Amino acid sequence: MSVAVSLKTYLADWAGSDASRQAVAATVTAIAEAGLGIADLVARGPLEEGLANIRGIDPNAGGDAQKELDVVAEELIREKLLPTPTAFLASEESEELIPLNPEGRLVVAVDPLDGSSNIDTNVSVGTIYSIMPYDAAAFAKPEDAVMRPGSAQVAAGFLAYGPATILVATFGEGTQVFVHDRRTGEFLLARSDVEIPAETKEYGINQSNVRHWDAPMQRYLADCLAGKEGPRGKDFNMRWVGSMVADAFRIFTRGGVYVYPRDKRKGYDNGRLRLIYEAFPLAFLVEQAKGGATDGTTRILDITPHHIHQRIPLVFGSKAEVDAIASYY
Ligand code: FDP
């Protein structure tokens, strides 16, 4: 029986003696370690005094109801990143960039706990991260370091805390899936160079909002619902966990498409997902797995942000289906 490659070994091989790569490797290791701490808290759920409950406290930077666990997750990540070459951390839970290592050469963006509206329901939630290079001399102010198109990312990934704690990671050379082995305590490479099937019959969307969508999105859904007899000529299946990391992992496993369009509700004119720490990393991972990611029409990785907490309509997954959706616009 062959021995699975650990994350440690994978990162050491990938980084070699390249100092920039070693910086990225140390940063991803720190995020994975923080993830194990978060997974532990998530698994203890209501047993953890004062945590994982649904008690809302102050609204976070974007105005969503915040659970205490979101804040604790950010603290764990921040602590683990302190000794790494991370200059600044951008986080869903903090209005401004958080300064870390003054000598740092990287800027990290995180959604510390994606899907947190599901914490109390025992559904998989997760941590999403994006890593870009940072050079103090190149930017007038630190914020400019994250106001760059997603194509500037050097690494991205997400952890999902479900039946297994998994890490889906890219360093720009394909997308790898690591699974945390509870027996050894290591993340082990379970699937390398994942490929999302180009075609799919499965979509994930919060269909209850159909009346708020724009006409192209409504037509797309109507054609899916029409099945074999309709213009798409096939019967579709719907799967929507409502926790993006869980929906994304399903797509990395068997294909499909995740759609969160803009809609007419107040605050949803740019959809729900955040560009820098949700859409960018997902788009990088998906493209590295031969899938597609757009805001409906435009490639996500080509978009330049204008605000740290900016939202964006998001479509990602099986390439042919992402293209099909673009054709409706
Ligand atoms: P959450 O606010 O719980 O963190 O990131 C936003 C997100 O969840 C995604 O994980 C999820 O796919 C989506 O919002 C769910 O939105 P709806 O509640 O509108 O279905």
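Just after helix 1, G16 adopts a positive phi of about 55°; helices (H or I, at least four residues) and strands (E, at least two) are DSSP runs, numbered from the N terminus. The model is a predicted one, in which local features require pLDDT of at least 70 and side-chain atom pairs count only at pLDDT 80 or more, whereas totals for chains, interfaces and linings use all residues. Residues are numbered from 1 along each chain as its sequence is written, and side-chain values use heavy atoms, with hydrogens and water left out.

Helix 1 comprises residues 7-15, of which L7, Y10, L11, W14 and A15 are buried; buried denotes under 20% relative accessible area, exposed over 50%, and partly exposed the range in between (1.4 Å probe, protein chains only). Viewed down the axis of helix 1, these buried residues fall within an arc of 120°, so they line one face of the helix; the arc is that of the directions from the helix axis to the C-beta atoms. On the other side of helix 1, K8 and D13 are exposed. The cover over the buried residues of helix 1 includes helix 2 (19-44), strand 6 (165-170), strand 7 (175-180) and strand 8 (187-191); contact here means heavy atoms within 4.5 Å.

A residue of helix 2 illustrates part of this arrangement. A25 is located in helix 2 and is buried, with a relative accessible area of 9%. A25 and L11, separated by 14 residues in sequence, lie 5.6 Å apart in space from C-alpha to C-alpha. The segment before helix 1 contains S6, a buried residue with a relative accessible area of 11%. When residues up to four places away in sequence are not counted, S6 touches F178, E186, F187 and L188.

Helix 4 was examined in the same terms. Within helix 4 (residues 215-225), the buried residues are P216, M217, Y220, L221, D223 and C224. Seen down the axis of helix 4, they fall within an arc of 160°, so they line one face of the helix. Strand 9 (202-205), strand 11 (257-260) and helix 7 are included in what covers the buried residues of helix 4. Just after helix 4, G227 takes a positive phi of about 65°.

Helix 7 (residues 319-328) contains E321, which counts as buried at 2% relative accessibility. The side chain of E321 is joined to that of Y220 by a polar contact of 2.7 Å; a polar contact is a pair of N or O atoms within 3.5 Å, and within protein one must be able to donate a hydrogen and the other to accept it, while residues adjacent in sequence count only if both atoms are side-chain atoms. Residues up to four places away in sequence aside, E321 touches A198, T200, Y220, R232, K234, F236 and V257.

A backbone N or O atom of S116 lies 3.3 Å from an oxygen atom of the ligand. In the side chain of N206, an N or O atom is 2.9 Å from an oxygen atom of the ligand, and a polar side-chain atom of Y258 lies 2.7 Å from a ligand oxygen atom. Taken alone the ligand exposes 470 Å², of which the protein buries 87%; accessible areas come from the Shrake-Rupley method with a 1.4 Å probe, and for residues only the protein chains shown count as cover.

Most residues other than glycine have a negative phi. N122, in the loop between strand 3 (106-114) and strand 4 (125-133), has a positive phi near 60° and is exposed, with a relative accessible area of 76%. D193, in the loop between strand 8 and strand 9, has a positive phi near 45° and counts as partly exposed at 48% relative accessibility.
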